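This report is meant for a reader who is meeting the structure for the first time. Please look over the sequence and the model below before reading on.

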Amino acid sequence: MAQIPERTPNMEGPLEADPDLYDGSDSSLGDEVSKYTASLTSSIERYPIENGRRYHAFKDGSYVMPNDESELDRLDLTHQMLRITMGDKLFLAPINKPKRILDIGTGTGIWAIEVGDEFPDAQIIGTDLAPTQPTWVPANVKFEIDDAEDPWTFQHKFDFVHVRYLASAIVDWPKLVRQAYDATEPGEWAEFEDFDLKYYSEDGSLKEEHHVQKWISSFLKAAEDFRRDPSPGPKIEGYMKEAGFEDVQHEKYRMPVGPWPKDKHLKTVGAWNLVQLENGLEGFTLRLFTTVLGWKAEEVQVLLANVRKDIRDPKIHAQFDFHVCYGRKPK
Ligand SMILES: C[S@@+](CC[C@H](N)C(=O)[O-])C[C@H]1O[C@@H](n2cnc3c(N)ncnc32)[C@H](O)[C@@H]1O
C-alpha cells in the first residue's frame with residue numbers, strides 16, 4: 001500500500017518566490033512544470049506487480065483488479081459485449097447535442113473514444129485511477145487521473161455524465177451518485193450502468209455445490225468485506241432518486257454465462273460473456289482472495305481451474321444481471 005505523505009504546515013510565514021526560477025529573461029515556467037509532471041507521471045506509472053499481475057499505483061491497494069495488457073484486452077471485449085447487450089448502443093439516455101461529456105472510471109477509454117466519434121462537437125473527459133488509456137486519441141477526448149471518491153473539481157458542469165462498471169471499486173455509492181448529480185448541467189442527463197454479480201439459474205441447473213457458485217459466493221463476500229459493493233446495479237435507481245434525479249429509467253439485461261440460451265441474441269451475449277469471464281477470472285480473484293480472504297495464490301488457481309470447467313459446462317445455465325439507469329437533473 002502507498003504511504004500517505006505526512007502533512008507539512010503550509011500557511012506559516014510569508015510565501016516567497018524561488019529566485020532561481022527567474023533569471024531576468026522572458027523564460028516561462030514550462031521547464032520547471034514539466035520536471036514535476038514527468039515525476040508525477042512516473043509515480044502513477046510505478047505499477048506494483050503481485051502474483052504476476054500488474055496493479056494501479058495511484059491510491060495503491062484501493063482497487064482489486066489488475067491493469068495489465070490482459071485485463072485491458074478484457075475490458076475492451078467487455079465493452080463490445082455491453083454494446084451488443086444494449087442493442088449496439090453506447091448509452092440509453094435521450095441526450096441531445098451534448099457539449100461536454102464525462103466518463104468516470106474510464107478504463108481503456110474505449111467508451112469515451114467511441115462517444116467522441118459519435119459527437120465530434122462535444123468535449124469528452126474520461127477519468128481513472130490509472131493512465132491506461134491510449135496517448136493518441138481524437139482531439140475532442142481527454143483523459144485525467146482522478147479518484148472518483150475524492151471531491152470532484154471539474155471546472156464546468158457536463159451535459160452527460162456516464163459511469164459504467166465500477167462494481168467492486170466504490171466504497172460510497174450514494175456519494176458518487178451525488179457528485180455525478182452536482183456535475184450535471186440542470187436539465188441534462190447522467191447514466192449509470194453496472195452489474196449485479198450474483199449468479200443464478202432460472203431452471204435450477206446452477207447448484208450450491210458447483211465450483212462456479214462457491215467461487216462467486218466467496219467473491220461477493222470478499223468484495224463486501226473490502227467495503228466495495230460487487231452488485232451496485234439494482235441499487236442505482238434508488239441512489240439516483242435520492243440524489244435528486246428525475247425521470248429515472250431503469251433497464252435490466254440478462255447476462256448468460258456461455259452460449260447456452262436458445263435465443264440467438266442471448267446466445268451471442270453469452271458467448272462474449274464466457275470469453276470475458278475466462279480472461280478475467282484470475283484478475284477478479286487473485287488480489288481479493290489473497291489479501292482479503294487470506295488464500296494462497298496456488299489455492300486460488302486450483303479453484304479457478306474448476307470454475308473454468310463449470311462455466312464451459314452446457315448443462316449449467318448460469319446468468320447474472322446488468323442494470324442501466326439514467327435520469328435527468330431538474331432545470
Ligand atoms: C471494471 S473497469 C471498467 C472500465 C470502464 N468504465 C468500462 O466500462 O469499460 C473499472 C475501472 O475503474 C477504475 N477505478 C476503480 N476505482 C476507481 C476510483 N476510485 N476512481 C476512478 N477510477 C477508478 C479502474 O482503474 C478501472 O479502470
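## The chain as a whole

A residue is called buried here when its relative accessible area is under 20%, exposed when that area is over 50%, and partly exposed in between. The model is a predicted one, and of the 331 residues in its chain, 50% count as buried. The accessible surface of the chain amounts to about 17300 Å², and carbon and sulfur atoms account for 52% of that area.

In secondary structure the chain comes to 8 helices and 9 strands. When contacts between residues at least 6 apart in sequence are considered, 71% of them join residues that are at least 24 apart.

## The surroundings of the ligand

The ligand is surrounded by 15 residues, and the closest of these are Gly-105, Asp-128, Asp-147, Ala-148 and Arg-164. Gly-105 contributes a backbone N or O atom that lies 2.6 Å from a nitrogen atom of the ligand, while Asp-128 has a polar side-chain atom 2.6 Å from a ligand oxygen atom. Asp-147 likewise places a polar side-chain atom 2.8 Å from a nitrogen atom of the ligand. Taken alone, the ligand would expose 590 Å², and the protein buries 95% of that area.

## Helix H7 and its ends

Helix H7 covers residues 264-292, which makes 29 residues, and its span from the first C-alpha to the last is 39 Å, close to the 42 Å expected at 1.5 Å a residue.

After the helix comes Gly-294, a residue whose phi is positive, near 75°.

## A glycine in a loop

Gly-204 is found in the loop that runs between strand S7 (184-200) and helix H5 (211-225). Is Gly-204 buried or exposed, or does it fall in between? With a relative accessible area of 40%, Gly-204 is classed as partly exposed, because this value is neither under the 20% limit for buried residues nor over the 50% limit for exposed ones.

Gly-204 can also be placed relative to a residue in another part of the sequence, Ala-318: the two are 114 residues apart along the chain, and their C-alpha atoms are 9.1 Å apart in space.

Methods: Residues are numbered from 1 along each chain as its sequence is written. This is a predicted model: local features need pLDDT of at least 70, side-chain atom pairs count only at pLDDT 80 or more; totals for chains, interfaces and linings use all residues. Side-chain values use heavy atoms; hydrogens and water are left out. Helices (H or I, at least four residues) and strands (E, at least two) are DSSP runs, numbered from the N terminus. The expected span of a helix is 1.5 Å times one less than its number of residues. Buried means under 20% relative accessible area, exposed over 50%, partly exposed in between (1.4 Å probe, protein chains only). Contact means heavy atoms within 4.5 Å. Accessible areas come from the Shrake-Rupley method with a 1.4 Å probe; for residues, only the protein chains shown count as cover. A residue is near a molecule or strand if one of its heavy atoms lies within 4 Å of it. A polar contact is a pair of N or O atoms within 3.5 Å; within protein, one must be able to donate a hydrogen and the other to accept it, and residues adjacent in sequence count only if both atoms are side-chain atoms.
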